[in-house]
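Reader: I have a structure to go through for class. Can we take it topic by topic?
Author: Fine. Here it is.

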Amino acid sequence: MENNIQHSDIYAIALHHRFQWEEAQQSYVILFPEGMIKLHGGAGEILKRVDGKTSVGEIVADLKNTFPDAEDIESDILGMFDIAVGKAWLRKVN
Amino acid sequence: MAQLNNGVAASVTQKQPLWLLAEVTYRCPLHCAFCYNPTDYDKHTKNELSTEQWIAALRDARKMGAIQLGISGGEPLLRDDIEEIVAEAHKLGYYSNLITSGVGLTEKRIQAFKEGGLDHIQLSMHDVTEDISNFITNTRTFELKKKVAAMIKSHGYPMVLNVVIHRYNIDQVGKILEMAEALGADYVELANTQYYGWSLVNRDQLMPTREQLNRAEAATNAFRERVGNKMKVFFVVPDYFSDRPKKCMNGWGEVFMIVTANGDVLPCHSARVLPGLEFPNVKENGLEWAWRESPAFNKYRGMEWMKEPCRSCDEKENDLGGCRCQSYLLSGDAEMADPVCTKSPNRQLIDEALANSQKPFLREQPIIFRTDKNSKKYVEGDKERIEQFHALP
Ligand code: SF4
Ligand code: SF4
């Protein structure tokens, strides 16, 4: 991982980006000038919890709780954060 | 993840419009030589949709899945109801973008846009030098644009600059990017001129050389390396210089829907040049019908319409045969492979155009600016300059 995501990190959706549920797409999306990212299943579940207050560790715990049958989701979640930070969809608050 | 960016997307056959472009007026205080508006725009300046009609169109398109909204023109700020339109767009959940030359943007209006929930403003800039900027727009607007850029920034908007690139400013790309950085730009789109409408008329005068293009790309890459993620720079390569066409509008009737000032619904900006197509209008059957059922939207959807060499080409999914309008405008055949493609029997038209743009006597022809007076000439049938591009070899 390139962005060295820590459990104590806190992220928010990047400035000028908007995260919302799209009924017509049946998925979450991130909107920004001239573009849109469609987030399939798990990715949406993760980013939905990013609010500028909850830490990465808390999000991991929450998702493990919500999806008890999913195996080894922690590395998927951290991987998703890594991508999202790398693409500048998220900004670090703390 | 499907990423849509500047028309480049990973997945297609998305049978919903994602982008709605509202060309709310063709009136414009500028007279850009590279404007892609139709040369006969003058006949569409008197029958613009009303505020209520625009709001109804936004609502319908949103129900169908449209999410990115561009409000453009002409100069949209020449309408005094943009505030209302913007506020409605926000309520409907659009990510909305005002595409403006900056002329007519005041503190009061930008304040209202902010309160109404406009997401961003895309400002067109033309050059770092006042002379060339004023020359190519045929107006004195350079200083004003710089002021507007500062205003956009001070209201907390992301600064999205769009710079149309042509022979007169391509050698300044490095400096243009530095100016953008100094203005605090977040996104810069260096859009090489595409040749439609007014820019096609002026093609010999606007086309850069391949060497100029290579230098500009190198300057852009050097800048990217220095600045990194802080400022995103898109360099839109002019298709004349490549071997394969662009996937125009990301596919006919795939993701883009354009509603023009008078309510015509188009799959691409210049579709009205195509012969034998009748475009739907929001005032008649509504947007849902226009998108799903109208013969015009279905005409070039997918790959069924193709003939050889596209039909049996193993690359057809990549570009869907390129641009229908470009094919028609250059060769007179709307269903042939885009002449940009080296497999197209019409490729020599592009090579000739590249060669012509180097010929001094053509290069130095006077530029025809986008003015009402010139447009009236095109409406009235003074079409010589256009027809020369229709002629089949
Ligand atoms: S390109 Fe220039 S003339 Fe054309 S609409 Fe834009 S600002 Fe007006
Ligand atoms: S022949 Fe047609 S489909 Fe094949 S690459 Fe050329 S334009 Fe595209």
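Reader: Is Cys325(B) buried or exposed?
Author: Cys325(B) is buried, because its relative accessible area is 1%, and buried means under 20%. Keep in mind that this is a predicted model.

Reader: Which cysteine sulfur is nearest to that of Cys325(B), and how far away is it?
Author: The nearest cysteine sulfur belongs to Cys268(B), 3.6 Å away. Cys325(B) is in no disulfide, because a disulfide needs the two sulfur atoms within 2.5 Å.

Reader: What is a disulfide, anyway?
Author: A covalent bond between the sulfur atoms of two cysteines.

Reader: How many disulfides turn up over all chains?
Author: The search of the whole structure finds 0.

Reader: What about Cys313(B), buried or exposed?
Author: Cys313(B) is buried, at a relative accessible area of 16%. Cys313(B) is also one of the residues around ligand 2.

Reader: New topic, rings. How many aromatic pairs are there over all chains?
Author: The whole structure has 7 aromatic pairs. One of them joins Phe19(A) and Tyr28(A): the ring centres are 5.0 Å apart and the planes are at 10°, so this pair is stacked.

Reader: Which residues form a cluster with those rings?
Author: Phe19(A), Trp21(A) and Tyr28(A) form one aromatic cluster. Of these, Tyr28(A) is buried, with a relative accessible area of 18%.

Reader: Which pair is edge-to-face?
Author: Tyr300(B) and Trp305(B) form such a pair, with 5.4 Å centre to centre and 85° between the planes. Tyr300(B) is buried at 5% relative accessible area, and Trp305(B) is buried too, at 12%.

Reader: Last one. Where does the charged end of Lys114(B) sit?
Author: Over the ring of Tyr157(B), 4.1 Å from the ring's centre. In the case of Arg62(B), the charged end sits over the ring of Tyr94(B), with 5.8 Å to the centre.

Definitions and conventions:
Residues numbered from 1 in each chain as written. Chains lettered and ligands numbered in written order. Predicted model: local features only at pLDDT ≥ 70, side-chain atom pairs only at ≥ 80, totals over all residues. Heavy atoms only, no water. Near = heavy atom within 4 Å. Phe/Tyr/Trp six-rings, centres within 6.5 Å; stacked < 30°, edge-to-face > 60°. Buried < 20%, exposed > 50% of the residue type's maximum accessible area, 1.4 Å probe, protein only. Lys NZ or Arg CZ within 6 Å of the ring centre and 35° of its normal.
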